[in-house]
Amino acid sequence: MSIENLKSKFNQLTLESKDHWDYRGNRKSERDYVHGFCTYPAMMVPKMQREILEVCLSQLENEHPILLDPFAGSGTILVEGMLQGLDIVGIDVNPLAILLCKTKTTIINPESLKQHTITIKNEITKLKETKILKHSFEGIEKWFTAQAISDLSILRNAIIKDNDINIRRFFWATFCEVVRIVSNSRDCTYKLHIKEQSDIDSYDKQALELFSKTLDFNVDKYLSFYNTLRATGKLNKDGSLYRGKIKIILGDSIKYLNHTKQKFDLILTSPPYGDNHTTVSYGQYSVMPLRWIVCADIDEAFDDKLLSTLYGIDNVSLGGKSTNQSMTKKRKSVLLKSQTLKLQSEKIQSLAAKQVNKLVAFYSDYDLFLSAISKKMKPNAVSVWTLGNRQIAKQEILMNNIMIELCSNYQLSLVTGFTRKILNKRMPEVSAYTGENKESQTTMTREHILVFAKEAQANE
Ligand SMILES: C[S@@+](CC[C@H](N)C(=O)[O-])C[C@H]1O[C@@H](n2cnc3c(N)ncnc32)[C@H](O)[C@@H]1O
């Protein structure tokens with residue numbers, strides 16, 4: 001990898017026009033291929049990551065690099081890695097993210113997928129006329145109308161009947177989207193907030209039709225992905241297998257990285273911007289769909305205890321552990337590693353003491369993560385981070401500066417960086433802390449992209 005060339009390539013693109021990375025107009029951020037199916041909070045702009053990946057690959061010497069996304073989310077980077085024919089590794093602590101990653105990266109025979117689609121539609125029609133066992137879990141009647149429970153139970157029963165796990169995952173991913181749309185939770189926030197009773201009473205969503213339409217849409221998206229992979233030689237001769245290796249792990253990326261012996265050439269990712277409770281609640285967003293799914297269909301490591309409260313997934317995510325009075329000395333030591341974090345937390349301490357504790361807890365975990373990942377990067381390995389700056393007490397927390405300072409402890413040096421304006425993102429302003437009065441504010445209107453290289457003669 002020529003780091004100097006990499007830097008000048010990125011800088012050249014950034015200088016090309018002031019909104020190069022914004023992806024507007026005819027370079028718009030359309031979600032092509034399987035990127036288009038199923039929504040997930042804070043999804044990346046696929047075309048921007050494609051361009052970033054192409055620049056990195058043009059400078060990489062290793063012809064068979066392994067691409068890692070340690071916060072894989074809906075799988076944007078993994079799909080882009082497949083379009084380039086790379087070996088890919090994705091990790092996420094959220095089982096919904098893992099379902100999406102596995103669904104999007106699994107090669108299914110197109111004819112078989114079409115056939116199973118016809119079969120499930122017939123099955124749904126049959127089940128409509130049959131008395132079926134309705135699904136149940138604690139709180140189901142709060143979050144779903146009687147009509148939704150009945151329709152979703154039909155869909156669930158029909159999916160379970162399919163005997164092919166890959167097809168079932170494809171159906172579950174489609175089903176998740178329907179669960180979200182027909183639930184009684186407001187859709188203006190990622191957190192679970194019950195709708196006004198009048199809105200619940202006027203429920204008119206048709207879950208069965210929605211499933212059928214969404215399924216057709218997803219099949220089309222999959223076919224365009226499959227055809228492109230095949231046409232560009234990324235599949236084997238008969239089109240039944242992807243030529244590269246794919247590994248998708250449900251779990252905490254710190255734990256995984258501390259254990260694995262594998263080393264990586266290239267990392268592209270967008271980490272959380274803060275703990276899930278006070279920024280984007282990936283867990284709350286996912287818990288309702290997950291309560292409907294058969295856990296074992298997603299991953300054998302999926303323990304359904306994670307779903308016993310609405311906060312289980314958020315609690316095991318970065319910065320999610322309780323911090324109440326017990327902020328330990330060890331966790332506070334992260335303040336010594338970043339001057340920006342130290343100054344910012346002192347500044348907001350008097351306005352938002354509780355949030356400062358959460359902020360420090362998050363960065364303490366994030367620092368452990370950086371320590372773990374830096375040890376698994378080959379010399380000269382490149383990592384590209386898409387970051388957002390959140391606000392606390394009306395102060396923007398400068399994650400980009402904090403990241404640079406923390407990385408300097410781990411032989412990760414900044415190559416270059418650029419900024420883009422965010423388009424088409426549902427703002428998490430409802431959940432963003434803005435001080436004790438929690439008044440709503442617009443946050444995260446810009447994203448920062450930072451490129452780091454692992455120093456070539458770094459100590460192991
Ligand atoms: C900004 S999102 C990634 C979105 C993704 N780039 C996409 O395009 O969909 C951050 C992800 O980090 C995950 N996460 C948070 N803490 C984690 C941890 N300790 N280990 C692994 N994943 C974690 C969250 O579940 C979430 O999916």
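How far apart do the C-alpha centres of domain 1 and domain 2 lie?

## Model and confidence

The structure is a predicted model, in which local features need pLDDT of at least 70 and side-chain atom pairs count only at pLDDT 80 or more, while totals for chains, interfaces and linings use all residues. Residues are numbered from 1 along each chain as its sequence is written.

Over the protein chain, pLDDT (the predictor's confidence in each residue, from 0 to 100) averages 90, and 92% of the residues score at least 70. Across residues 424–444, however, pLDDT stays under 50, and the model has 50 contacts beyond four places in sequence for this stretch; two residues are in contact if their C-beta atoms, placed from the backbone, lie within 7 Å.

## Two domains

The domain assignment, whose bounds come from an automatic or database source, divides the protein chain into domain 1 (8–92 + 245–454) and domain 2 (110–224). The C-alpha centres of domain 1 and domain 2 lie 30 Å apart, and the contact takes 22 residues from domain 1 and 26 residues from domain 2.

On the side of domain 1 that touches domain 2, helix α12 (residues 282–292) gives the most, with six residues. By class, this side of domain 1 has 15 nonpolar, five polar and two charged residues, where Ala, Val, Leu, Ile, Met, Phe, Trp, Tyr, Cys and Pro count as nonpolar, Asp, Glu, Lys and Arg as charged, and the others, Gly among them, as polar.

## The seven-stranded sheet

Seven strands, in the order β3-β2-β1-β4-β5-β9-β8, form an open sheet with mixed pairing. The edge strands, each pairing on one side only, are β3 (246–250) and β8 (412–421), and from one strand to the next the twist averages 15 degrees. Helices (H or I, at least four residues) and strands (E, at least two) are DSSP runs, numbered from the N terminus, and two strands pair if DSSP finds at least two bridges between them.

Strand β8 runs antiparallel to β9 (residues 446–454), and nine bridges join the two; F418 stands opposite I449 in β9. Helix α18 (residues 399–407) lies across β5 (377–388), β8 and β9, and runs at about 160 degrees to β5; axes are lines fitted to C-alpha atoms, for helices over the stretch in contact, and angles run from 0 to 180 degrees between N-to-C directions.

## Around the ligand

The ligand is surrounded by 22 residues, of which the closest are F71, G73, S74, T76 and S317; a residue is near a molecule if its C-beta atom, placed from the backbone, lies within 6 Å of it. Strand β2 (87–92) and helix α11 (253–259) each supply at least two residues of this shell, which divides into 13 nonpolar, seven polar and two charged residues.
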